[in-house]
Amino acid sequence: MVAETTNEKATSWMDTPPRSPLLRHYSAKLIANMPWLDKLSSPLQGWVNGLFGSPKDASYRIKDMLAGIWLGHPVHPILVTIPIGAWTSTMVFDLVWLANEDDDAMARSADMMMWLGLAGATGSAATGLANWVDTDGQEQRTGMLHALLNGSVTVLNASSAVLRFTGQRKTAIALSSAAYGLTIYSSYIGGELAYSDAIGVNRVIPEAGPDEYVAVMEASDLEPGKLTRVDAAGMPAVLLKEGSTIHAIAATCSHLGGPLDEGSYEDGVVYCPWHNSGFRMCDGAVVNSPAVYSQPTFAVRERDGKIELRRLEHA
Ligand code: FES
């Protein structure tokens with residue numbers, strides 16, 4: 001007997017009848033109907049990646065810094081709190097001022113928060129760009145919309161700041177109020193990128209790995225200098241033999257899950273085949289972005305002609 005279906009022709013969950021939450025449903029539909037965003041994204045990504053250069057270029061250190069290697073955490077989600085918080089304060093101060101237009105202190109406070117938000121938006125944009133340049137597909141398009149919305153918000157708020165300066169405060173408040181509405185929707189989209197699409201999430205940390213030594217391969221089969229993938233109790237690991245030392249780190253790249261064993265190896269560093277993140281084989285530390293989280297590592301030993309691994313606690 002064939003099961004009855006009501007969405008036989010559906011190609012994705014967006015084609016199914018709207019269910020709660022409606023915002024998510026219609027937001028996804030909106031983005032799906034904006035293929036023109038891709039025409040902007042690809043050239044922009046190519047141009048920005050050209051500016052950053054390759055991991056061996058000095059200019060790439062700017063990308064490393066914006067991504068957050070120095071912090072061991074993406075910088076973007078920290079910086080976005082500045083414009084959102086500052087512009088929320090502007091809204092509150094503006095409302096109080098509207099109730100008493102003689103309150104100059106309130107007007108000055110709103111203006112200060114407006115400028116603080118504009119400064120924070122600049123840092124947020126730069127760090128967000130560093131996260132976005134290595135995305136593709138749905139995440140690339142969603143990120144492009146997020147950027148365009150934030151750009152519009154910044155233009156509206158910059159105009160509002162100028163109007164405040166020239167004394168046209170009520171028009172300025174109208175502009176910043178419109179900008180605030182866009183900020184809320186853009187923040188929602190940014191949340192979708194992080195919480196639903198897992199951009200910026202450590203892709204390897206959910207993998208458990210063995211607490212006790214497990215045999216993964218015959219020691220005689222491991223070729224020196226060759227990245228070799230093994231299964232350590234369900235957790236993929238990549239091995240490298242250098243002289244008499246065998247290094248082992250997780251094979252799933254912490255950035256977006258690329259297979260490190262299919263990457264390249266040079267001077268103690270394995271480079272991910274997907275977006276070129278570099279990790280030291282000896283301790284899994286990040287050498288260059290876009291990854292910011294280091295790779296879990298394994299203790300390695302040889303017993304009875306077999307290589308055995310045990311997962312080490314992750315920093
Ligand atoms: S998946 Fe992006 S660098 Fe590895």
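## Second largest cavity

In this predicted model, helix 5 (81-99) and helix 8 (169-196) each supply at least two residues to the lining of the second largest cavity. Helices here are DSSP runs of H or I with at least four residues, strands are runs of E with at least two, and both are numbered from the N terminus. Helix 8 gives the largest share of this lining, 4 residues. The lining consists of Trp87, Thr90, Met91, Met114, Asn157, Ser176, Ala179, Tyr180 and Thr183. By class, 5 of the lining residues are nonpolar, 4 are polar and none is charged. Nonpolar covers Ala, Val, Leu, Ile, Met, Phe, Trp, Tyr, Cys and Pro; charged covers Asp, Glu, Lys and Arg; the others, Gly among them, count as polar.

The space in this cavity is about 50 Å³. A cavity is a set of points, on a 1 Å grid over the protein atoms alone, where a 1.4 Å probe fits but cannot get out; a pocket is an open set with protein on both sides within 12 Å along at least five of seven lines; lining residues have an atom within 4 Å of a point. Points are joined across faces, edges and corners, and a volume is the space filled by probe spheres set on them.

## Basis of the model

Residues are numbered from 1 along each chain as its sequence is written.

The protein is divided into domain 1 (13-196) and domain 2 (214-311), with bounds from an automatic or database domain assignment. Their centres, taken over C-alpha atoms, are 37 Å apart. Contact (heavy atoms within 4.5 Å) links 13 residues of domain 1 with 14 residues of domain 2.

## Largest pocket

The largest pocket has a volume of about 980 Å³. Two or more lining residues come from each of helix 4 (76-79), helix 5, helix 6 (104-132), helix 7 (137-165) and helix 8. Helix 7 gives the most, with 10 residues. The lining has 41 residues, of which His76, Val80, Gly128, His146 and Asn150 lie nearest the centre of the pocket. It comprises 22 nonpolar, 18 polar and 1 charged residues.

Ser186 is placed in helix 8 and touches His146, Leu149 and Asn150, not counting residues up to four places away in sequence. Ser186 counts as buried because its relative accessibility is 0%. Buried means under 20% relative accessible area, exposed over 50% and partly exposed in between, with a 1.4 Å probe and protein chains only.

## Nonpolar cores

A nonpolar core is a set of buried Ala, Val, Leu, Ile, Met, Phe, Trp, Tyr and Cys residues joined through side-chain atoms within 4.5 Å. The largest has 16 residues, and Val216, Met217, Val230, Leu239, Phe298, Ile307 and Leu309 have the most contacts inside it. Strand 1 (214-218), strand 2 (228-232), strand 3 (235-242), strand 4 (245-250) and strand 10 (306-311) give two or more residues to this core. A second, separate core of 14 residues includes Ile31, Phe52, Leu145 and Ile189.

Definitions and conventions. This is a predicted model: local features need pLDDT of at least 70, side-chain atom pairs count only at pLDDT 80 or more; totals for chains, interfaces and linings use all residues. Side-chain values use heavy atoms; hydrogens and water are left out.
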